[in-house]
Amino acid sequence: YLGSKFTDAEIAGQVGCPLKHIRRWRHRWGIETICRTERHEVPPIEGRLQSILVGSMLGDGRISKSTHVARYTENHCEDQRDYLEWKSKEWGSWIQLGLRPVTWKTLGGEFPGCRCETVSHVAMLPWHGLFYPEPGPKRLQSQVVNLVDSLALAIWFMDDGSSGWWPRITFGMGPDSREVAQAIFRKFSLNPKWDLKKYPTGEFIFEGEDQAHLFISLVKPHMP
């Protein structure tokens, strides 16, 4: 039950006894019931996958929580389907249903898009706690700084960046989160200009030849 994750019904079929006996024996021996979502066989969130998750949470990613589990979701417009498919492959067995169609309705009409969504799992709960330390919108905490490597930086740029005359990243979290973002940049010897557009949203602009070339050298090797 714990090792191979057989269900009570599967074990009952192998042993050749009523299902209720298996449940009774588990309770007698103190074997707790496995949550349905824990049966998903998913890789640990570490190494490359951790960098992709962290970079995505700096960008377009969201984590939603239910009582005992959490799941990651990300939406993009149809023009960015290839990028989201690349991310889905990086997630591996965390994504079991492929990309799902979504439609945004605005005053200008309907716009097609796509969504990737992981399975719900207890392993996602600590990440929800990191990026949602209190009820409300996503926030950055100081612990995030040490988790950002050049891959995470590239993911962040691919999610929310643009390559105009100077590369830039759009950022819409509050002042506390912006301070954490600036600490991330300092870690890479980057010092982007902050250009406020409409509070709290603005742009980090990597202005000047030295800053632009340094930033590009960090993110370019990770571009799919």
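Helices (H or I, at least four residues) and strands (E, at least two residues) are taken as DSSP runs and numbered from the N terminus. The structure is a predicted model, in which local features need a pLDDT of at least 70 and side-chain atom pairs count only at pLDDT 80 or more, whereas totals for chains, interfaces and linings use all residues. Residues are numbered from 1 along each chain as its sequence is written, and side-chain values use heavy atoms, with hydrogens and water left out.

In these terms, Ile45 is placed in the loop between H2 and H3. Its relative accessibility is 13%, and Ile45 therefore counts as buried, where buried means under 20% relative accessible area, exposed over 50% and partly exposed in between (1.4 Å probe, protein chains only). When neighbours within four places in sequence are left aside, Ile45 is in contact with Gln50, Leu53, Trp94, Ala123, Met124 and Trp127, contact being defined as heavy atoms within 4.5 Å. For one of these residues, Met124, the C-alpha atom lies 8.4 Å from that of Ile45, although the two residues are 79 residues apart along the chain.

Four strands form an open, antiparallel sheet in the order E1-E2-E4-E3, two strands being counted as paired if DSSP finds at least two bridges between them. Strand E1 (62-65) and strand E3 (100-106) stand at the edges with a single partner strand each, so one side of each is left without a neighbour in the sheet. From one strand to the next, the twist averages 35°; axes here are lines fitted to C-alpha atoms, for helices over the stretch in contact, and angles run from 0 to 180 degrees between N-to-C directions.

E1 is joined to strand E2 (residues 70-77) by four bridges in the antiparallel sense, and within this pairing Ser64 stands opposite Arg71 in E2. E3 and E4 are likewise antiparallel, with seven bridges between them; these two strands form a hairpin with two residues between them, and Arg100 stands opposite Arg115 in E4. Thr73, which is placed in strand E2, counts as buried because its relative accessibility is 16%. Not counting residues up to four places away in sequence, Thr73 touches Asp60, Gly61, Arg62, Cys116 and Glu117.

Helix H3 (residues 47-58) lies across E1 and E2, and runs at about 60° to E2. Helix H4 (residues 81-91) also packs on the sheet, where it touches E2 and strand E4 (109-117), and its direction makes about 160° with that of E2. The crossing of H3 and H6 is right-handed, a crossing being right-handed if the near helix is turned clockwise from the far one by less than a right angle, and left-handed if anticlockwise. In this packing, Arg48, Ser51, Ile52, Val54, Gly55, Ser56 and Leu58 of H3 meet Leu151, Ala152, Ile155, Trp156, Asp159 and Asp160 of H6.

Helix H6 (residues 150-160) is itself mostly covered, with 10 of its 11 residues buried; among them are Leu153, Ala154, Phe157 and Met158. At the start of H6, a side-chain oxygen of Asp149 comes to within 3.3 Å of the backbone nitrogen of Leu151.

In helix H1 (residues 8-15), the buried residues are Asp8, Ile11 and Ala12. Viewed down the axis of H1, these residues fall within an arc of 100°, so they line one face of the helix, the arc being that of the directions from the helix axis to the C-beta atoms. The buried residues of H1 pack against helix H2 (19-28), while the face turned away from the buried side carries the exposed residues Gly13 and Gln14. Just after H1, Gly16 takes a positive phi of about 85°.

Most residues other than glycine have a negative phi, and most peptide bonds are trans. The peptide bond from Tyr199 to Pro200 is cis, with omega near 0°, and Pro200 is found in the loop between strand E7 (193-198) and strand E8 (201-205).

Technical notes:
A polar contact is a pair of N or O atoms within 3.5 Å; within protein, one must be able to donate a hydrogen and the other to accept it, and residues adjacent in sequence count only if both atoms are side-chain atoms.
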